[in-house]
Amino acid sequence: MAKLAAFYSRADENYFSGGYRYVTVGNTEKVAKVISELTGADLFKIEQKIPYAADYNTCIQQAKEDLQAKARPELVSVPDSLDGYDEIYLGFPKMEYGFDCVLCVSCSKKGRKRNSMHKRQ
Ligand SMILES: Cc1cc2nc3c(=O)[nH]c(=O)nc-3n(C[C@H](O)[C@H](O)[C@H](O)COP(=O)(O)O)c2cc1C
């Protein structure tokens with residue numbers, strides 16, 4: 001059974017219980033790698049062509065503006081096809097009101113069954 005672990009993760013400055021700290025790998029990327037190791041899922045990193053700022057608060061502001069504008073930031077790449085996957089794990093930042101990206105739209109357009117998508121915010 002083919003599986004895909006697609007994730008949007010962010011390194012740079014992040015907020016950790018009471019303070020800001022720069023990291024080289026985001027938590028969602030770490031978790032996606034563990035899922036891949038445990039399940040054999042292919043890994044796919046969702047990356048914007050123009051990344052948000054490294055500074056945490058600027059990034060949050062940019063993300064909010066994109067959300068309000070219903071923007072679809074251009075991505076570095078998308079998988080050629082999702083048809084071969086029976087199960088998809090999708091990891092992405094919390095987002096107060098949901099997270100839209102080309103890959104999510106592509107998944108939902110294909111009318112995937114709810115139980116074949118595992119979303120983790
Ligand atoms: C598009 C986007 C939306 C985000 N939305 C929220 C949010 O709604 N609430 C929040 O506390 N943090 C939010 N963040 C901050 C992320 O939780 C954090 O900076 C980072 O993306 C965490 O990455 P990681 O899960 O890979 O460690 C958002 C970040 C991005 C890039």
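The paragraphs below go through the chain from its overall layout to its strands, core and ligand shell.

This is a predicted model, in which local features need pLDDT of at least 70, side-chain atom pairs count only at pLDDT 80 or more, and totals for chains, interfaces and linings use all residues. Residues are numbered from 1 along each chain as its sequence is written.

The chain holds 3 helices and 6 strands. Helices (H or I, at least four residues) and strands (E, at least two) are DSSP runs, numbered from the N terminus. Read from the N terminus, the order of elements is β-β-β-α-β-α-β-α-β. Among contacts in the chain with a separation of 6 or more, 72% are between residues 24 or more positions apart; two residues are in contact if their C-beta atoms, placed from the backbone, lie within 7 Å. Of the 121 residues, 14% count as buried. A residue is buried if 20 or more other C-beta atoms lie within 10 Å of its own, exposed if 12 or fewer, and partly exposed in between, with C-beta atoms placed from the backbone.

Strand E1 (residues 3–7) has 4 of its 5 residues buried, so it is largely enclosed by the rest of the structure. E1 runs parallel to strand E5 (residues 87–91), to which 5 bridges join it, and Phe7 stands opposite Gly91 in E5. E1 also pairs in the parallel sense with strand E4 (residues 42–45), over 4 bridges; here Ala6 is opposite Phe44 in E4. Two strands pair if DSSP finds at least two bridges between them.

E1 and E5 return in the account of the core. The largest nonpolar core has 13 residues, and those with the most contacts inside it are Leu4, Ala5, Ala6, Phe7, Ile88, Tyr89 and Leu90. The elements that give two or more residues to this core are E1 and E5, and its largest share, 4 residues, comes from E1. A nonpolar core is a set of buried Ala, Val, Leu, Ile, Met, Phe, Trp, Tyr and Cys residues joined through C-beta atoms within 7 Å. In soluble globular proteins, nonpolar side chains tend to be buried together.

E2 and E3 form a hairpin with 2 residues between them, and Gly18 in the turn has a positive phi of about 100°.

Asp55 lies in the loop between E4 and H2. Asp55 counts as partly exposed because it has 14 C-beta neighbours inside 10 Å. Just after H2, Lys70 takes a positive phi of about 50°.

The ligand is surrounded by 15 residues, the closest being Ser9, Arg10, Gly26, Asn27 and Thr28. A residue is near a molecule or strand if its C-beta atom, placed from the backbone, lies within 6 Å of it. Helix H1 (27–39) and helix H2 (56–68) are the elements that give two or more residues to this shell. The shell divides into 6 nonpolar, 5 polar and 4 charged residues.

How values were computed
Nonpolar A, V, L, I, M, F, W, Y, C, P; charged D, E, K, R; others polar.
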